[in-house]
Amino acid sequence: MTNDVAMNVDVDLDIIAEQVWSAFLNSGEDEAIFAADDKGSHADLAASVAMVGAYEGHLVVSCSHKASRDVASVLFAMEADEVSQDDIGDALGELANVLGGNVKSVLPSPSQLSLPRVSATEHERWPGTVEVCRTVVSWRGEPFVVSLLSGGHAVHKTQEVPA
Amino acid sequence: MKILVADDSRVMRQIVIRTLRQAGFDNHDIVEAEDGAAAQTSVAAEKPDLVLSDWNMPNMSGIELLHALRSSGNSVPFAFVTSECSDEMKAKAEAGGALFLISKPFTAETFRERLNDILG
């Protein structure tokens, strides 16, 4: 099944992002700005989960290398210079998984959520999709763009680690 | 008590274990499994007193794990810790014999509320 790309969905990405950052990334007001300005910032990595079923699309979170390292550092409770590429892939993928799971809960059901996929943005495309909504979280001065895409063929099956 | 934490994400297993400690449940033995199949093996070998399992995992999902355990006669207390928490999933979990679902993101307070009767 493929969505009508004009499908109206009622998803408050701002609230979902705030809940996730607050619970898992120790985000007090001094560290995070929610619904931040989208200044077209550069993203190196994208983590995504696909939704297949009554809703078809992707939840994507993208950020810089530094931001992804900081996420892994906090989630693994390690120093930033100690985290490995595997750690970064796991942490950023889980961030997308938690965001995607919460988004899926307010989308048409039933649908299935894929395992997360993490890759360099220069290698990542979501053909046939349109962006339904997005929010930007500025955390520790680094922007995280969280996007909900509709349409396309969701075929994520395996988790990949950034090169 | 012995607690089995099953999640395909290493970082989420660490977060669950850290949150158990923050919730005051720090005197328990923890074993980890990286997917449902590994958890099924671990339940047989380790005989945990509680299973905290993700839902969406490779090889064997959390709900498949629960069904496999119950169909083999194993009645270990079982709860899901999952990013998806729809009514449909709650109904499936309950029908399968799970105690409850804890949704991600969670806090130590959530863990205290849901697990105190079992671990307190």
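Predicted model: local features only at pLDDT ≥ 70, side-chain atom pairs only at ≥ 80, totals over all residues.
**Ground rules**

I number residues from 1 along each chain as its sequence is written, and chains are lettered from A and ligands numbered from 1 in the order in which they are written.

**Entry 1: chain A as a whole**

I began with the elements of chain A. I found three helices and seven strands. Helices here are DSSP runs of H or I with at least four residues, strands are runs of E with at least two, and both are numbered from the N terminus. From the N terminus on, the order reads α-β-β-β-α-α-β-β-β-β.

Next I looked up burial. Chain A has 163 residues, and 56% of them count as buried. Buried means under 20% relative accessible area, exposed means over 50%, and partly exposed is in between (1.4 Å probe, protein chains only).

Then I checked contacts, meaning heavy atoms within 4.5 Å. I took the contacts in chain A with a separation of 6 or more. Residues 24 or more positions apart account for 70% of these.

**Entry 2: an annotated span in chain A**

UniProt has an unreviewed entry for this chain, with the annotation "domain: Chemotaxis phosphatase CheX-like" on residues 46–122 of chain A. UniProt positions are given in the numbering used here, feature names are shortened, and annotations may be inferred rather than shown by experiment. I looked at how the span is built: 42% is helix and 29% is strand. Its end C-alpha atoms lie 9 Å apart.

I also picked out D86(A), which sits in helix 3 of chain A. D86(A) counts as partly exposed, at 48% relative accessibility. A72(A) is 14 residues away along the chain, and the two C-alpha atoms are separated by 9.6 Å.

**Entry 3: where the chains meet**

The size of an interface is often given as the accessible area lost when the parts come together. For chain B and chain A, the buried area is about 1,800 Å². This is the accessible area (1.4 Å probe) that two parts lose on being put together, summed over both. Carbon and sulfur atoms give 53% of it. On the chain B side, R10(B), V11(B) and P105(B) lose the most area to chain A, together 29% of what that side buries.

I then searched for charged pairs. The rule finds three salt bridges across the interface. A salt bridge needs a side-chain nitrogen of Lys or Arg within 4 Å of a carboxyl oxygen of Asp or Glu. One salt bridge joins the side chains of K104(A) and E84(B), at 2.7 Å from N to O.

**Entry 4: D54(B)**

An unreviewed UniProt entry places "modified residue: 4-aspartylphosphate" at D54(B). I found D54(B) in the loop between strand 3 (50–53) and helix 3 (62–71) of chain B. Is D54(B) buried or exposed? It is buried, because its relative accessible area is 3%. I set aside its neighbours within four places in sequence and listed its contacts. They are A6(B), D7(B), D8(B), G62(B), F80(B), V81(B), T82(B) and K104(B).

**Entry 5: backbone details**

I looked up cis peptide bonds. One runs from S109(A) to P110(A), with omega near 5°. P110(A) lies in the loop between helix 3 (85–104) and strand 4 (111–113) of chain A. Another joins K104(B) and P105(B), with omega about 5°. P105(B) is in the loop between strand 5 (101–103) and helix 5 (108–119) of chain B.

Last, I noted positive phi values in residues other than glycine. K47(B) has phi near 50°. K47(B) lies in the loop between helix 2 (36–46) and strand 3 of chain B, and counts as exposed at 61% relative accessibility. N59(B) has a phi of about 70°. N59(B) is in the loop between strand 3 and helix 3 of chain B, and counts as exposed at 68%.

How values were computed:
Heavy atoms only, no water.
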